Amino acid sequence: MQAPICKEGEFSPTAISWYPAVGKSPPDLCAVGCADGTFRHITKAGREEKKVAAHTGAVTGVRWNFDGAALLTSGEDGYLKVWSRTGNLRNTLTQSSLPIYAFVIGPDNDQVCYTAGRELCIKRLEASAGAKQVKWAAHGGVVLSVDWNSVRDALSRDARALARRAPRA
């Protein structure tokens, strides 16, 4: 039996992340976050390969890590989760009392910066002894986007560069 082709109106996408196949790597990977709290693996042909219940409320972000081995998702429920390539939950990185609207993986693929209300938070992807989360007020209102410049190791949020370098968690 073939997987169904996604049709207009079947789900409401909120976020998308594409991991292209390079050389001998696995086929292209596409993850689509949805308003119903799921994310879906979609092929280039538009076939839904897998549907995973990920969050309560909408999925607000999906992003493959740099080697395509893991998918991170954020949601209105305040969770930031790490999933395997096949859609199995590996880890819940954090739970905030506020929705997590945006996140970005650090340039060394070992940290993630996420938004929680008016704060930015940096946390290691792998727990290590003595590592603690770093957080600071970054905005007067809700932070809706964040990016990490890998060349300057600097964070920007809502199209404004932060004056300081990204702190290490």
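The largest nonpolar core has 13 residues, where such a core is a set of buried Ala, Val, Leu, Ile, Met, Phe, Trp, Tyr and Cys residues joined through side-chain atoms within 4.5 Å. Buried here means under 20% relative accessible area, exposed over 50%, and partly exposed in between (1.4 Å probe, protein chains only). Leu 72, Leu 80, Leu 93, Phe 103, Val 112, Tyr 114 and Leu 125 have the most contacts inside this core. Two or more residues come from each of strands E6 (70-75), E7 (79-84), E9 and E10, and E10 gives the most, with three. Strands (E, at least two residues) are DSSP runs, numbered from the N terminus.

This is a predicted model, so to speak of local features takes pLDDT of at least 70 and side-chain atom pairs count only at pLDDT 80 or more, while totals for chains, interfaces and linings use all residues. Residues are numbered from 1 along each chain as its sequence is written, and side-chain values use heavy atoms, with hydrogens and water left out.

Have a look at Phe 103 next: leaving aside residues up to four places away in sequence, its contacts (heavy atoms within 4.5 Å) include Leu 72, Leu 80, Val 112, Tyr 114 and Val 146. Val 146 belongs to a second, separate core of twelve residues, which also includes Ala 102, Leu 120 and Leu 155.

Now for the loops. Ser 96 is in the one between strand E8 (89-95) and strand E9 (103-105), and counts as buried because its relative accessibility is 15%. Beyond four places in sequence, Ser 96 touches Asp 77, Gly 78 and Ala 116.

Asn 109 is in the loop between E9 and strand E10 (111-116). Its phi is near 65°, a positive value in a residue other than glycine; most such residues have a negative phi.

Notes. Helices (H or I, at least four residues) and strands (E, at least two) are DSSP runs, numbered from the N terminus.
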